[in-house]
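Work through the following exercises with the sequence and the structure side by side, and try each task before reading its solution.

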Amino acid sequence: MPVDFLSAFVRSLSFLALFQAGGVAIYVALFGRQLWSAAAPVRRIGFLSAVAGIALVSMHYSLEAARMAGELPGAFDPSLQRLVMDSPMSAAWVLRAVGLALVAASIRNQSKLAAAIGVVGAVASIQAFSLVGHTASHDAHAWLTALLGLHLGVVAFWFGSLLPLTIVTRRESAATAAALVDAFSQLALWFVPAIFLAGVVMIAILVRRWSVFAQSYGLLLIAKAAGFAVLMAMAALNKWRYGPALATTPAAAIAFRRSVAVEYALICAVLVATAVMTTFFSPEQ
Amino acid sequence: MKFRVLAAASALFAVAGTVQAHTHLVSATPADNSVLASSPTQFMLHFSEPTRLTALTIQKDGDKEGKHIEGLPKDPSDALSIPVAPLAPGRYVVGWRAVGDDNHLMSGTLHFTITAK
C-alpha cells in the first residue's frame with residue numbers, strides 16, 4: 001500500500017509544521033515583547049513552518065482520493081475527489097490552511113492585534129483535528145473535542161516553543177535567556193501535565209476493551225505514553241538544572257540546547273507515531 | 001497575566017464537533033477463506049452502516065498484480081453487490097476500500113478458492 005505510506009509520511013510532516021507554526025504563534029503572543037535579537041529568527045521560523053504547513057496539509061488532502069482508490073492515479077478521479085470534497089476532511093483542510101495562513105500573515109508583525117490573530121490561527125489549525133476521525137464520530141464528541149483541543153494546544157505550545165528557546169539562548173543575553181526560559185518553564189509546569197491527563201481521559205472514552213493494548217493501536221499508545229514520560233524527565237532537567245544555570249554559567253547554554261534538541265526529537269517521534277497511528281489503525285481494530 | 005493568556009487560549013480549544021456513527025464490515029460473500037465449487041457471480045459486502053465502495057481489486061495466485069473491478073455501485077448502501085465475470089479455478093484475494101457515512105476510510109482483503117471441476 002505505497003499510497004497509504006506516502007499519505008502517512010506527508011501527514012507526519014504536516015503535523016510537525018502545523019504544531020511548530022502554531023506553537024511559535026502562541027510563544028510570540030506570550031513572550032514576543034521580551035525578545036530582542038531573537039525576535040526576527042523566531043518569527044521567521046513561525047512564518048516558514050506556517051507556509052510549509054499549508055503546502056503539506058494541502059498535499060495530504062489531495063492524497064485522500066488516492067487512498068480511497070488504493071493507488072496514486074486515484075487522486076485524479078473526479079468522483080473520488082467529489083467524495084473527499086463532500087466529507088469533513090475538506091472542512092478540516094480549509095480550517096487548517098486558513099489557520100496557518102493567519103499565523104503566516106501575522107507572525108512577523110509585533111503588534112498585540114497581530115499576536116492575537118496568530119493565536120486564533122493556531123487555535124483554528126489545531127481545532128481542525130476535532131472535525132475528523134474518531135473524535136468527530138464518537139457519541140461523546142463534545143468531551144473529546146474539548147479534551148483533544150486542550151491536549152493538542154498544549155503540545156503545540158510546548159513543541160513550538162523549543163526552537164525559539166534554543167534561539168533565545170544563542171541570541172539574547174544570559175540574563176534575558178535565563179528569564180525567558182524560566183518564564184516558559186513556569187507555564188509549562190502547569191500546562192504540560194494536561195497533555196497526559198487529557199490523553200488518559202480520551203483513551204478511557206475511546207478504547208472499549210483492554211485487549212486493544214495488545215494490538216497495533218494500543219502498542220502505539222503505550223509508546224506515546226513512554227515517550228511522554230521521558231519528555232517530562234527532560235523538561236524537568238531543563239527547568240531545575242540547566243535553566244537556572246543559564247544566567248551564571250556559560251556552559252549551561254550548550255547543555256540546555258543539547259537537552260532541548262533531544263526533547264524536540266522525542267516530540268517529533270511522538271507526532272510521527274500519532275500520524276502513523278491515525279492513518280493505519282483505530283481503537284476498534 | 002501570561003497564565004491567563006495561556007488559559008484563555010486553552011479554553012478557546014473547547015469547540016464542539018460533529019456526530020457520526022462508526023462503520024465496519026459485517027460479512028462478505030464469498031466469505032473470507034471460503035472454498036467454492038464454482039465461480040461466484042457477484043461479490044457482496046455487508047456493512048454496519050451505508051457505505052460507498054471506492055475500490056475493488058481481484059488477484060489470482062501467481063498473477064503479478066491485481067485487476068480493478070469496474071462498475072462499482074455509485075450510491076452508498078449497507079449491502080453492496082458487485083457483478084463478477086466468471087473466474088477460473090484457483091486461489092484469489094479480493095482487496096476492497098470503502099468510505100462509511102462517518103467518512104472513515106476502511107480497507108480489507110478477502111481470500112477464497114475455487115476448486116477445479
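**Exercise 1.** In what order do the elements of chain B run from the N terminus on?

Solution. In this predicted model, begin at the N terminus of chain B and follow the chain, which gives the order α-β-β-β-β-β-β-β. As a next step, turn to the contacts in chain B between residues at least 6 apart in sequence, of which 69% join residues at least 24 apart. Finally, of the 117 residues of chain B, 25% count as buried.

**Exercise 2.** Describe the length, the bend and the surroundings of helix α7 of chain A.

Solution. First, take the length: α7(A) covers residues 141-171, which is 31 residues, and spans 44 Å from its first C-alpha to its last, close to the 45 Å expected at 1.5 Å a residue. Second, look for a bend, and a kink of about 30° is found at Leu162(A), shortly before the proline Pro164(A). Third, consider burial: because 27 of the 31 residues of α7(A) are buried, this helix is largely enclosed by the rest of the structure.

**Exercise 3.** Determine whether Ala128(A) is buried or exposed, and which residues it touches.

Solution. Start by locating Ala128(A), which sits in the loop between α5 (112-127) and α6 (133-137) of chain A. Next, apply the cut-off, by which a residue is buried if 20 or more other C-beta atoms lie within 10 Å of its own; Ala128(A) has 24 C-beta neighbours inside 10 Å and therefore counts as buried. Leaving out residues up to four places away in sequence, Ala128(A) touches Ala92(A), Leu95(A), Arg96(A) and Gly99(A).

Conventions
Residues numbered from 1 in each chain as written. Chains lettered and ligands numbered in written order. Predicted model: local features only at pLDDT ≥ 70, side-chain atom pairs only at ≥ 80, totals over all residues. Helix = DSSP H or I, 4+ residues; strand = E, 2+ residues; numbered from the N terminus. Expected span 1.5 Å × (residues − 1). Bend = angle between axes of the 7 residues up to and from the residue. Buried ≥ 20, exposed ≤ 12 C-beta atoms within 10 Å, placed from the backbone. Contact = placed C-beta atoms within 7 Å.
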